Amino acid sequence: MRRTTTSAGLATVGVLVAWCLLAVGDSRHEGFYTPLSLALVAGGLVLLLAVVVAGRALTTPTGPALILPVATCYLASVIHPAKAYMFISDGGESAVKVLVIIGTAVAFATLVIRHLRNVWGLASICAIALATAIVVIRTAPSPGIDVWLLLQQSSSGLLHGANMYHQHWLGTPAGELTDVYPYLHGTTLLLAPFKWLLGDVRYGTAVASLLAAYLVWRLAPRAPAALAGLIVLMPHWAFLVDQSWTEPLLVAELAACILALRAGRTGWATAALAAALVTKQFVAPLLPLFAIWRAFGVRRAAIAAAAAFGVALPWLIADPGAMWHDAVTTELNETVLPFGLDLPSFLARHGIHAGFALTVGVVGIAYAVAVLRLPRTPSGLALGCALIMWSVDFANKATFFNHYTFPLGLLIVAVAAAEPMPAGGSGALQGEPRSVEA
């Protein structure tokens, strides 16, 4: 039994180290390619693959296991604060840096101070994160990115019955999107109320991160609050909010799905997956994985897909060609960008153009490893989602900072959903690897 519990603890540490490698690689140059950044991202993926191949269930991390991730967040905020591409004032930049340092200090405190291990420790971290988001949004009222403009304008258009797949975006910088809505409509449906009530969709993405942190705490209420706090303390989270990227919505939706699944509330889990499917098309590759997991299964995966399709019907009926062009064809026709933080970009720099077969091969390996080696638990499902999305990002042809924040969040969800270490090293860890179940 001692060997089993030790291997589970080592697996958890391996996942957290992989998280650190991805977090540093993704943030050190704001998600753009450098040899070291790509090496860190690749190294983290290899480590995660090794952990999954080893076939051990995870366990909820203790305080010592979280020292390295929290230290990574702290050092990133001190050594390399996110400012290169943020349209933020000097005063706002200093305030954000101070707030992030305070947030990581509180996270460290939750590892050692008993009274901060509970929800009050998380509340303190989240309050600081909310203050950070407000400073970012108020001091950078008009970020120079097309994503923010299309989300703001599609939200306003929704209020007046406009079809987002027909709209033209005003004020977009040269070379960026002008008449394409590259997301699924669920993104605007979720963020529009924040534009209507508070004037900025970025409040919605910030709230989504805070919700995800709370859901992680619900998964592991006895773990140090720093574990859930990693959702909003990850390096350059302020940059994620500043640019209005939508990955926080996906992290919150899948965290809700895993929490509901572990609680046996399969209806809520199905609804959460449906919400994720209608928010962004990159969740679709995860649908077969949910179908394989017995606790979720083929029937619920089909229901989730059907529900997402039902929400899409108004836009499909209005103009299926426009929706298909913006949300599917545009993504598939993207060219390999030399500054992307991914394998195709690296190969293109050396005159090698591997094509779509490379993506299929890398993702196929991740899928095979996840299906054959992961335990059929909610934690195993979350870890499989993280592994597959990380491989999709690594093998895709236009991957940047925001894309990797999705698997970063899923890794925290997977660790939080794990079974706690048995007291005194006795008792059985649940969820050893099983055969494939339909």
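Helices here are DSSP runs of H or I with at least four residues, numbered from the N terminus. Tyr-74, for example, lies in helix α3, residues 67-79.

Before going on, a word on the model. It is predicted, so local features need pLDDT of at least 70 and side-chain atom pairs count only at pLDDT 80 or more, while totals for chains, interfaces and linings use all residues. Residues are numbered from 1 along each chain as its sequence is written, and side-chain values use heavy atoms, with hydrogens and water left out.

Back to Tyr-74. Is Tyr-74 buried, exposed or partly exposed? Buried means under 20% relative accessible area, exposed means over 50%, and partly exposed is in between, with a 1.4 Å probe and protein chains only. Tyr-74 has 33% relative accessibility, so Tyr-74 counts as partly exposed.

Next, helix α5, residues 119-139, which holds Thr-132. Thr-132 has a relative accessible area of 4% and is therefore buried. Contact means heavy atoms within 4.5 Å. Setting aside neighbours within four places in sequence, Thr-132 is in contact with Val-96, Leu-99, Val-100, Trp-237 and Ala-238.

Now helix α6. The expected span of a helix is 1.5 Å times one less than its number of residues. Helix α6 covers residues 146-159, which is 14 residues, so the helix should span 20 Å; the end C-alpha atoms are 20 Å apart, and that agrees. Of those 14 residues, 11 are buried, including Trp-148, Leu-149 and Gly-157. What covers the buried residues of α6? The cover includes α7 (186-198) and α8 (202-219). After α6 comes Gly-161, with a positive phi near 80°.

Helix α9, residues 225-233, is also mostly covered: 9 of its 9 residues are buried. Among them are Ala-225, Gly-229 and Leu-233.

Last, the aromatic rings. Rings of Phe, Tyr and Trp (its six-membered ring) pair if their centres lie within 6.5 Å; planes under 30 degrees apart count as stacked, over 60 as edge-to-face, and the rest as tilted. How many aromatic pairs does the structure hold? There are 11. In one of them, Phe-239 and Trp-245 have ring centres 5.2 Å apart and planes at 85°, so this pair is edge-to-face. Both Phe-239 and Trp-245 are buried. Phe-290 and Phe-296 form another edge-to-face pair, at 5.1 Å centre to centre and 70° between the planes. Phe-290 and Phe-296 are both buried as well. Finally, Tyr-165, Trp-169, Tyr-181 and Tyr-183 are linked into a cluster by ring pairs.

Methods:
Helix = DSSP H or I, 4+ residues; strand = E, 2+ residues; numbered from the N terminus.
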